[in-house]
Amino acid sequence: MASQDLKEKINSESRESSACSTATLQETEMQGAPAAGVPLVAAVLGICTVAFTLFSHMFQSLEPPIPTISMTACRPGSVESFTFTIGLCCSACLLVMTGFILSWRYPSRKLVARASFWSGLVAAAGLAITSAVPLQPDIMEVLKLPRASRVMTVQSLVHQYSANIFFLGALVHSILYTIHLRSVAKQDKGVNQASLRMKYLTIILSCCFILSPLLLMMYPQIIKGSRVTIIAINQYGAILALLCFFGTYALDLRGYRIKLEKKPSMKKD
């Protein structure tokens, strides 16, 4: 009888110890914030910002009927201008965070990985500057002048060049990081295959919109009429495809958590 009681006591302690270990393991795994939310919020915030400024412009029946992305936010003090600046600047900051998180999740010293990391940071910087420095306020009046008489201010030139940096930098990043992720997938079975297929699709769409002959010929010029509509369609298609690409990182980071820890202070006795 005594031996049976002893056996039951040992089994009970063993179950309690196992339950405690499981709880500790689950608690450890749940520490930190889910990393997948960072690229997802960046993509959704960017898309919603562009959609809001476009629909607000069209709802007010402003000119041109289908504006480029930048034309929706060129009026100082407008709701569209504030939304454009805050929304895209926050999205750019989240993209910078995404770049660092990806470098922690899939670390590599290969050239393609480092190049994709830096091209992503350059693209995010271009997006931040584009959102903070809008086109000149009188851009619509400038459009009405003959081409030879149009004068672009430094503000507009900075905005245009920054936008080009964002589009081209993001395109380079998307291609290079997809190449890097394909090589990682051979060793790391945690790489999401659905994410890779979505990346292929968004890269093809981005190339069509960004590198199309019409865009290359007309983007450096500010012109009016139906050509502005063509440029606008290219821009909206390009930014939608690129932001969707960044959104696919949520699948690559699913289950990965980040936690900031304080380093022990080095105090001298």
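1. Start with Met58. This residue is partly exposed, because its relative accessible area is 39%, and the cut-offs are under 20% for buried and over 50% for exposed. Met58 sits in helix H2. Keep in mind that this is a predicted model.

2. Together with Phe55 and Ile66, Met58 makes a nonpolar surface patch. The patch covers about 280 Å².

3. Now look at the whole of H2. The helix runs over residues 37-59, which is 23 residues. At 1.5 Å a residue, H2 should span 33 Å.

4. What follows H2? The residue to check is Ser61, with a positive phi near 60°. Ser61 has this positive phi although it is not a glycine. Ser61 lies in the loop between H2 and helix H3, which covers residues 79-105. Is Ser61 buried or exposed? Ser61 is exposed, because its relative accessible area is 59% and the cut-off for exposed is over 50%.

5. Move on to helix H7, residues 193-210. H7 has 18 residues. From first C-alpha to last, H7 reaches 26 Å, close to the 26 Å expected at 1.5 Å a residue.

6. H7 has a buried side. Ser195, Leu196, Lys199, Thr202, Ile203, Ser206 and Ile210 are buried in this helix. They cover an arc of only 125° around the axis, so they lie on the same side of H7. An α-helix has 3.6 residues a turn, so residues three or four places apart point the same way.

7. What does the other face of H7 carry? Turned away from the buried side are the exposed residues Arg197, Leu201 and Ile204.

8. Thr248 is found in the loop between helix H9 (226-247) and helix H10 (249-252). Thr248 is buried, because its relative accessible area is 2% and the cut-off for buried is under 20%.

Key:
Residues are numbered from 1 along each chain as its sequence is written. This is a predicted model: local features need pLDDT of at least 70, side-chain atom pairs count only at pLDDT 80 or more; totals for chains, interfaces and linings use all residues. Side-chain values use heavy atoms; hydrogens and water are left out. Helices (H or I, at least four residues) and strands (E, at least two) are DSSP runs, numbered from the N terminus. The expected span of a helix is 1.5 Å times one less than its number of residues. Patches are made of residues with over 30% relative accessible area and no salt bridge: like charges are joined within 9 Å, nonpolar side chains (Val, Leu, Ile, Met, Phe, Trp, Tyr) within 5 Å. Accessible areas come from the Shrake-Rupley method with a 1.4 Å probe; for residues, only the protein chains shown count as cover. A salt bridge is a side-chain nitrogen of Lys or Arg within 4 Å of a carboxyl oxygen of Asp or Glu. Buried means under 20% relative accessible area, exposed over 50%, partly exposed in between (1.4 Å probe, protein chains only). The arc is that of the directions from the helix axis to the C-beta atoms.
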